[in-house]
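Trainee: Could we go through this model together, one question at a time?
Mentor: Gladly, let us have a look.

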Amino acid sequence: LATFNGARYLREQLDSLCCQDYPHVRIRVRDDGSTDDTLAVLKEYAARHANLEVEAGKRIGVVRSFFELLRAVPEDVALDAFCDQDDVWEPDKISRAVERLTDVDESIPRLYLGRMKIVDENLLPVGETARPRQPPALQNALVQAIAAGCTMVLNRAAHKLLACNLPDPNRVVMHDWWIYQVISALGVVEYDDQPHILYRQHQSN
């Protein structure tokens with residue numbers, strides 16, 4: 001989870017992470033130099049949840065922040081999930097990804113991603129993100145970013161491939177589009193047509 005001045009909506013997101021129905025979840029947060037109450041909220045939750053770890057970082061921007069989180073994933077973690085500060089995850093968000101990424105060849109880099117339920121700032125329904133017209137593939141990934149980082153989950157093979165080959169952040173439009181391009185070229189993309197996340201839209205997105 002990468003945060004920056006996100007105190008307004010952060011509690012709802014943290015609550016949804018702590019209420020996942022999958023029992024083995026670690027939460028690592030890197031704050032990108034927030035000047036609001038974000039760090040206070042994070043420290044409050046870290047004091048109550050032993051599986052939540054907080055890093056108070058310097059301002060380096062969203063792409064670098066997620067790359068730093070990717071580098072910091074411990075060796076014993078089987079799957080990585082990216083998370084934004086202002087959404088809300090449904091309780092089965094992680095278990096659904098685990099279902100799609102396990103009991104398959106773990107040597108192949110795999111990326112799980114999916115659709116989202118679009119909500120307004122008060123979590124009232126607006127609609128759902130569109131289904132891609134073409135299935136996930138490199139030829140589409142080069143020209144269209146259908147993969148939202150907040151839906152992404154990586155298996156260990158995908159993590160190793162990405163973490164060992166991180167590009168110059170200045171040459172990356174967004175971390176999630178780059179990840180989608182790499183895995184669609186060198187691995188397998190698992191697309192979930194059913195949304196498991198409330199994607200909040202507000203004036204500060």
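Trainee: Is glutamate 55 buried, partly exposed or exposed?
Mentor: Keep in mind that this is a predicted model. Buried means under 20% relative accessible area and exposed means over 50%. Glutamate 55 has a relative accessibility of 30%, so this residue counts as partly exposed.

Trainee: How far apart are the closest N and O atoms of arginine 30 and aspartate 32?
Mentor: These two residues also form a salt bridge. Aspartate 32 is buried too, because its relative accessibility is 3%, under the 20% cut-off. The closest N and O atoms are 2.8 Å apart.

Trainee: What is the strand order in the open sheet of 3 strands?
Mentor: The pairing is parallel. β1 and β3 each have a single partner strand, so both stand at the edges. For example, 2 bridges join β1 to β2. The order is therefore β1-β2-β3.

Trainee: Which helix packs on the sheet and touches β1, β2 and β3?
Mentor: Its direction makes about 150° with that of β3. The helix spans residues 38–48, and its name is α2.

How values were computed. Residues are numbered from 1 along each chain as its sequence is written. This is a predicted model: local features need pLDDT of at least 70, side-chain atom pairs count only at pLDDT 80 or more; totals for chains, interfaces and linings use all residues. Side-chain values use heavy atoms; hydrogens and water are left out. Two strands pair if DSSP finds at least two bridges between them. Helices (H or I, at least four residues) and strands (E, at least two) are DSSP runs, numbered from the N terminus. Contact means heavy atoms within 4.5 Å. Axes are lines fitted to C-alpha atoms, for helices over the stretch in contact, and angles run from 0 to 180 degrees between N-to-C directions. A salt bridge is a side-chain nitrogen of Lys or Arg within 4 Å of a carboxyl oxygen of Asp or Glu. Buried means under 20% relative accessible area, exposed over 50%, partly exposed in between (1.4 Å probe, protein chains only).
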